Amino acid sequence: MNQKAINGRSFRRFSAVTVIAVYLLILIGGVVRTTGSGMGCPDWPKCFGSWVPPTDVSELPADYKEVYAQQRAEKNERFVSYLSAFGFDDLADQISNDPSILIEGEFNARKTLTEYINRLTGALIGLLIFGTFVMSIRYWKTDRTITVLSFIAFVLVGFQGWIGSIVVSTNLLHWMITLHMLLALLIVCLLIYVYYRSKSEVLTYNIEGTGRIKTVLLISFIATLPQIVMGTQVRETIDILADSFARVDWIENLGLEFLIHRSYSILLLGLHLYLVWLLTLKKDAPKSLRLFGAVMLLIVAAEVLSGVIMAYFGVPAAMQPIHLLLGTLIFGVQYYVLLLLGNKKLQTS
């Protein structure tokens, strides 16, 4: 094996590890949401003004609530000015006139540690994506798209960090959380594409007549995104209900959006069943493609099952981050298979 092939394999492995790490961060982010730890550190990037978080309220000044509420207010003023400059006056007014944004919670060591771990993991992901960019420079002469997209992914991670700071300064403003999730999915897609493109030269299996399979998969991919957004918004409604209702009463107090989200999952399950059936009919489809189809169906089924468990068993806290992770995994696998089907050659093993 020549040095070029060795370098290509090391890059693919590193980029694959980076994708997996991003999904780990999504899971940890789900844990942060579920445990209500998003404001465990009221400032960013430090935690209570320190790189090492406090473990007891005695380590904080007596007026820490007022101090950090003021810091967040100053950051929000700058953010509101940006929104107004780009014409988002309604959103700017929403932030400016919502007094709940500056409410500071009581110090909780467990929540602080949970959020701190989330930030440390995010910093590690940033280093991994930077490493992916550095390693991608070797492709500049042969396929500079890999280098450019790796750099864009790195820049977006920095932007994602800034968005995370706004999420904190606005006290977990709901639409900011949704934007945070969508940006994470974009980064995942960029990294998956970089991995796929770096591997494209070793795909050696010819397959024809995949038009219907591509169409069904594309419909599934497009349909999954609004389902993830609806799921995020249902979760935001649950955050509101948590202040007034016991956990066992959350589901019955959710509105139409939850009913649509629940019914929509049946449509996605049906689409993936149909997709696997089409792959079964296509006898010349490579094993790798059949495997991806089965994996997608399995993840969708697990996602539906986790939703059923939450709906009928009082939204168990442990199930919420799993539900989120499965939804984003579906999206990522769909995207990767779409890339494979877009190539005239597919791998046989």
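Helix 2 first, residues 64-85. It has 22 residues, and at 1.5 Å a residue they should span 32 Å. The end C-alpha atoms of helix 2 are 32 Å apart, so the two values agree. Keep in mind that this is a predicted model.

Now, which residues of helix 2 are buried? They are Tyr-64, Tyr-68, Ala-69, Arg-72, Ala-73, Lys-75, Asn-76, Phe-79, Val-80 and Leu-83. Note Arg-72 and Lys-75 on that list. What do these buried residues pack against? Helix 3, which is 89-96, plus helix 5 and helix 6. After helix 2 comes Gly-87. Its phi is positive, near 90 degrees.

Next, Leu-173. This residue sits in the loop between helix 5 and helix 6, the latter being 174-199. Buried or exposed? Relative accessibility is 8%, and the cut-off for buried is under 20%, so Leu-173 counts as buried. Leaving out residues up to four places away in sequence, Leu-173 touches Gln-94, Ile-95, Ile-101 and Val-167. Take Ile-95. In sequence, 78 residues separate it from Leu-173. In space, the C-alpha to C-alpha distance is 8.5 Å.

Last, the surface. There is a nonpolar patch made of Phe-130, Val-134, Ile-137, Trp-140, Val-148, Phe-151, Ile-152 and Val-155. Together they have about 660 Å² of accessible area. Helix 4, 109-136, and helix 5, 144-169, each supply at least two of the patch residues. Which helix gives the most? Helix 5, with four residues. Val-155 is found in helix 5. Its relative accessible area is 41%, between the 20% and 50% cut-offs, so Val-155 is partly exposed.

How values were computed:
Residues numbered from 1 in each chain as written. Predicted model: local features only at pLDDT ≥ 70, side-chain atom pairs only at ≥ 80, totals over all residues. Heavy atoms only, no water. Patch = residues over 30% accessible without salt bridge, like charges linked within 9 Å, V, L, I, M, F, W, Y side chains within 5 Å. Areas by Shrake-Rupley, 256 points an atom, 1.4 Å probe, with all protein chains shown as cover. Salt bridge = Lys/Arg side-chain N within 4 Å of Asp/Glu carboxyl O. Buried < 20%, exposed > 50% of the residue type's maximum accessible area, 1.4 Å probe, protein only. Contact = heavy atoms within 4.5 Å. Expected span 1.5 Å × (residues − 1).
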